[in-house]
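Student: Can we go through this one together? Start with whatever I need to know to check a helix.

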Amino acid sequence: MNFPVPDSPLLGIANVRLPAWLLPAGWPFQAGEPVTADLRFEAGQIASMTPYQPEQDDLWNAQGVLALPGLTEPHAHLDKTFTIGRSRPSQPGLLAAIETLHQDRQHWNAEDLQQRARQAMAWAAANGVTRMRTHIDWFDATPPLAWTELGEQMQPGITLERVALVPLGLFADSETADRIAHAVAQSGNHCLLGGFIHSSNWDPAAMSNLMQSAARWKLNLDLHIDEELSPVAHGLSWLADYLSKNMFSGHICCSHGCALASGSEQQAQQIFHLLATQRVTLIALPMTNLLLQDAVTGRTPRQRGITLLKEAQAAGIPVLLGCDNVQDAFCPAGSYDPLDTLACALFALQLDNVFDQQSQLICDVVALTGEVQNAHPLAPGSEATLVLFPGTDRLTWPLHSAARLVFHHGRLTHQRTWNQELPHES
């Protein structure tokens, strides 16, 4: 395959294989698969998307390569990333990882934070990520250094969102809760209020203050909630009940939700029924949760520690997959590649029809933000941003898919290819 000239504007891309979830109603199928698509560009935007027609010499022919819109990383921790080399926990599990990262904060000066975040965002951009949401630890009412430093990070092609990750106990005082929410609201666009909600710090009054402060300052929420395997974790059930009785105009993401897998089916269905009527998205984090939940030294885990993704989908709740932590005390591995996350979920959650349906789990910006305008990512007028995967097919993908072509505004900005395999015979 001949690749386009990097950073040169294209008139469009012909003959790309898009996932079925992305195609408009009435799209033609052949032998059970959707026919490939032609995408025409104009001024860096999508001008049209039509079924493939041969002999369009003005378009670059992708020869049936798999393609997705820009990828989404809905849950990261740029303040913690790439610290595993200096801060490795002595024991497995969530609480040990939290304590290890508390100790690592002695190194968190401006240069350290900038360098680690810059590397992470560069990796994400090369992998095709165009939207990234990072949680940033807060431990008092004033913004921490990481909040300011990461707010100044820029990576071409990536929209960065920041979430104030606050221990629930800080919201116990209503004035403190309001000061935190006000500071987040004053931080500019793409900033959200968050909280760490766990049975170890459960406080219904603090939850009420958290919700009321977010509503007062018109903030969306992204909550670390029920990141445990306790069948009596309170977070999601309390939230579902609260939203059924109180108006909340913002969008809410609930990350983790591991406890749903430990409670009863009836309890989970009741929660999903209530959340489905609200503006709530569930974010599953399979890699980190597999490592941290049911973790005991020298013992094989008995439980998967992942939320009920399929049940949430069946209930009509938007669902996303995120990497969570990358190369820190919570997760020693990772590469800011959403395909790694999806590959993990493929086996841990027993997903099927991964490219044509489940690839939406790593692309759905509407599920992340709740903003429904321009919901179709490749509709005319949207950005001509695509990620192509040469050398794989829908049955192999997302495995064997490290090769990548990333297009922003109709230009090839990142290219990663494998050398041709060479046989060596004795």
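Tutor: The expected span of a helix is 1.5 Å times one less than its number of residues. Helices (H or I, at least four residues) and strands (E, at least two) are DSSP runs, numbered from the N terminus. This is a predicted model, where local features need pLDDT of at least 70 and side-chain atom pairs count only at pLDDT 80 or more, while totals for chains, interfaces and linings use all residues. Residues are numbered from 1 along each chain as its sequence is written, and side-chain values use heavy atoms, with hydrogens and water left out.

Student: How far apart are the end C-alpha atoms of helix 7?

Tutor: They are 16 Å apart, and this agrees with the 16 Å that the 12 residues of helix 7 (265-276) should span.

Student: Which residues of helix 7 are buried?

Tutor: Ala268, Ile271, Phe272 and Leu275 are buried, where buried means under 20% relative accessible area, exposed over 50%, and partly exposed in between (1.4 Å probe, protein chains only). Seen down the axis, the buried residues of helix 7 fall within an arc of 100°, so they line one face. That arc is taken from the directions from the helix axis to the C-beta atoms.

Student: Why would residues three or four places apart point the same way?

Tutor: Because an α-helix has 3.6 residues a turn.

Student: What is on the face turned away from the buried side of helix 7?

Tutor: The exposed residues Gln266 and His273. The buried residues of helix 7 have a cover that includes helix 6 (235-245), strand 14 (280-284) and helix 9 (309-314).

Student: New topic. Is strand 11 enclosed or exposed?

Tutor: Largely enclosed by the rest of the structure, because 7 of the 7 residues of strand 11 (191-197) are buried. Cys191, Leu193, Gly195 and Ile197 are on one side, and Leu192, Gly194 and Phe196 are on the other.

Student: What does strand 11 pair with over 5 bridges?

Tutor: Strand 12 (221-225), in the parallel sense; two strands pair if DSSP finds at least two bridges between them. The bridge partner of Phe196 in strand 12 is His224. Strand 10 (159-165) also pairs with strand 11 in the parallel sense, over 3 bridges.

Student: Last one: where is Thr83?

Tutor: Thr83 is in the loop between strand 8 (71-76) and helix 1 (94-104). Thr83 is buried, with a relative accessible area of 0%. Leaving aside neighbours within four places in sequence, Thr83 is in contact (heavy atoms within 4.5 Å) with Leu101, Asp104, Arg116, Gln327 and Asp328.
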